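Hi,

Here is the structure I said I would hand over. Please have a look, then read my notes below.

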Amino acid sequence: MTELVKIALKSPSNKCFRCNSELILVKTWVETSGTGKFPQKITIYRCSNDACQKEKDKEEEKRKKSLEEKEQRMEENAKKRAALKLINSKLRDSKLKESKLKENKKK
Ligand SMILES: [Zn+2]
């Protein structure tokens, strides 16, 4: 066991919210990208209870999957919107041509 993990295990606040087992610090890093403007310290823990951690992994997988699906939907919607925009601009163009033709006929 590394020093880092030993420290994490000693900390009383690092308890699993689910099974109250000790949490093991996996890694920490600082992230500035994302929603917040301020650097955010991100800490990843895993539960020392293997069964509990497996459940968490499953949930994480589900969460990732649904997030991917959401992104896919958003991408599809963006494509649809882009296609609609193209159609609209084409319609506008043809209407513009039509009105110009009418103007020319008037002359
Ligand atoms: Zn747990």
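pLDDT is the predictor's confidence in each residue, from 0 to 100. You will need that here, since this is a predicted model. The mean pLDDT of the chain is 86. In all, 84% of the residues reach 70 or more. Confidence is lowest in H1, with a mean of 54. It is highest in H2, with a mean of 94. Where pLDDT is low, the predicted coordinates should not be read in detail.

Overall layout

The chain holds 2 helices and 2 strands. Read from the N terminus, the order is α-β-β-α. Of the 107 residues, 5% are buried. Take the contacts with a separation of 6 or more: 30% of them join residues 24 or more positions apart.

Helix H2

H2 covers residues 50-106, which is 57 residues. H2 is hardly covered: among its 57 residues, the count of buried ones is 1.

Asparagine 20 sits in the loop between helix H1 (3-10) and strand E1 (23-31). Its phi is positive, at about 65°, although asparagine 20 is not a glycine. Most residues other than glycine have a negative phi. Is asparagine 20 buried or exposed? It has 10 C-beta neighbours inside 10 Å, and the limit for exposed is 12 or fewer, so it counts as exposed.

Strand E1

Valine 30 is in strand E1. It has 8 other C-beta atoms within 10 Å, so it is exposed. Which residues does it touch, beyond those within four places in sequence? They are Pro39, Gln40 and Lys41. Valine 30 also pairs up for a distance check with threonine 43: the two are 13 residues apart in sequence, and their C-alpha atoms are 8.7 Å apart.

Strand E2

Tyrosine 45 lies in strand E2, residues 40-47. It has 18 C-beta neighbours inside 10 Å. Not counting residues up to four places away in sequence, tyrosine 45 touches Asn14, Leu23, Ile24, Leu25 and Val26. Asparagine 14 is 31 residues from tyrosine 45 along the chain, yet their C-alpha atoms are separated by 8.5 Å.

Best wishes

Note on methods: Residues numbered from 1 in each chain as written. Predicted model: local features only at pLDDT ≥ 70, side-chain atom pairs only at ≥ 80, totals over all residues. Helix = DSSP H or I, 4+ residues; strand = E, 2+ residues; numbered from the N terminus. Buried ≥ 20, exposed ≤ 12 C-beta atoms within 10 Å, placed from the backbone. Contact = placed C-beta atoms within 7 Å. Expected span 1.5 Å × (residues − 1).
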